[in-house]
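Please work through the exercises below with the sequence and the model at hand. Each task is followed by a solution that goes step by step.

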Amino acid sequence: MTQKTKLEIIGPYTREHEGPFCTRDGRAARIICTNRKSSNGTPIVALVDDGDHEMNRAFNAQGKYCLGDRKLDLMNAREVPVAREFWVNEFRHGDALIGVTCPHKTECEAARERQEFPVLNWVGTIHVREVLPGDE
């Protein structure tokens with residue numbers, strides 16, 4: 001499993017910030033142009049994460065969204081690590097060695113696996129949560 005990150009807002013949009021960027025409501029934004037020729041004063045074009053796809057949006061030079069919805073204003077951000085958390089099931093092989101299944105996102109998924117394969121000699125479920133620097 002790879003290290004996950006999330007975006008944390010560190011202040012309003014500034015041209016000097018090299019990225020990453022997000023909207024005020026936390027959606028990832030990829031700036032693709034800062035010098036668009038436009039008659040309505042929106043030189044910045046960014047692709048804003050809208051869940052399953054990215055939507056192109058226009059912003060003024062200060063990063064304000066062109067249609068006035070303040071939650072879509074651009075913000076400077078930084079990536080921060082997110083602790084990984086998952087569940088694995090332990091089972092005993094015929095030769096008494098212990099094995100583990102692939103990771104599950106939830107404890108319910110791990111429990112479902114144990115129910116779907118009752119022939120395995122289940123030992124237990126292990127909850128794994130990564131401890132990040134600074135976590136106490």
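This is a predicted model: local features need pLDDT of at least 70, side-chain atom pairs count only at pLDDT 80 or more; totals for chains, interfaces and linings use all residues.

Residues are numbered from 1 along each chain as its sequence is written, and side-chain values use heavy atoms, with hydrogens and water left out.

**Exercise 1.** State how many helices and strands the protein has, and in which order the elements run.

Solution. Begin with the definition: helices (H or I, at least four residues) and strands (E, at least two) are DSSP runs, numbered from the N terminus. Counting in this way gives 1 helix and 9 strands. Read from the N terminus on, the order of the elements is β-β-β-β-β-β-β-β-α-β.

**Exercise 2.** Compare the radius of gyration of the protein with the value from the globule rule.

Solution. The radius is taken over C-alpha atoms, and the globule rule is 2.2 Å times the number of residues to the power 0.38. For 136 residues the rule gives 14 Å, whereas the protein has 23 Å, well over that value, so the protein is more spread out than a compact globule. As a further step, consider the box that the C-alpha atoms fill, which is roughly 75 × 30 × 20 Å along the principal axes.

**Exercise 3.** Find what percentage of the residues of the protein count as buried.

Solution. A residue is buried under 20% relative accessible area, exposed over 50%, and partly exposed in between (1.4 Å probe, protein chains only). Of the 136 residues, 28% count as buried.

**Exercise 4.** Count the aromatic pairs, and describe the pair of Phe59 and Tyr65 and the pair of Phe91 and Trp122.

Solution. Rings of Phe, Tyr and Trp (its six-membered ring) pair if their centres lie within 6.5 Å, and planes under 30 degrees apart count as stacked, over 60 as edge-to-face and the rest as tilted. The count comes to 3 aromatic pairs. Among them, Phe59 and Tyr65 form a tilted pair, with 5.8 Å centre to centre and 55° between the planes. Phe59 is buried at a relative accessible area of 0%, and Tyr65 is buried at 9%.

Phe91 and Trp122 form an edge-to-face pair, with 6.0 Å centre to centre and 85° between the planes. Because Phe91 lies in strand 7 (residues 85-92) and Trp122 in strand 9 (residues 121-129), this pair ties together parts that are 31 residues apart in sequence. Phe91 is buried at 14% relative accessibility, and Trp122 is buried at 19%.
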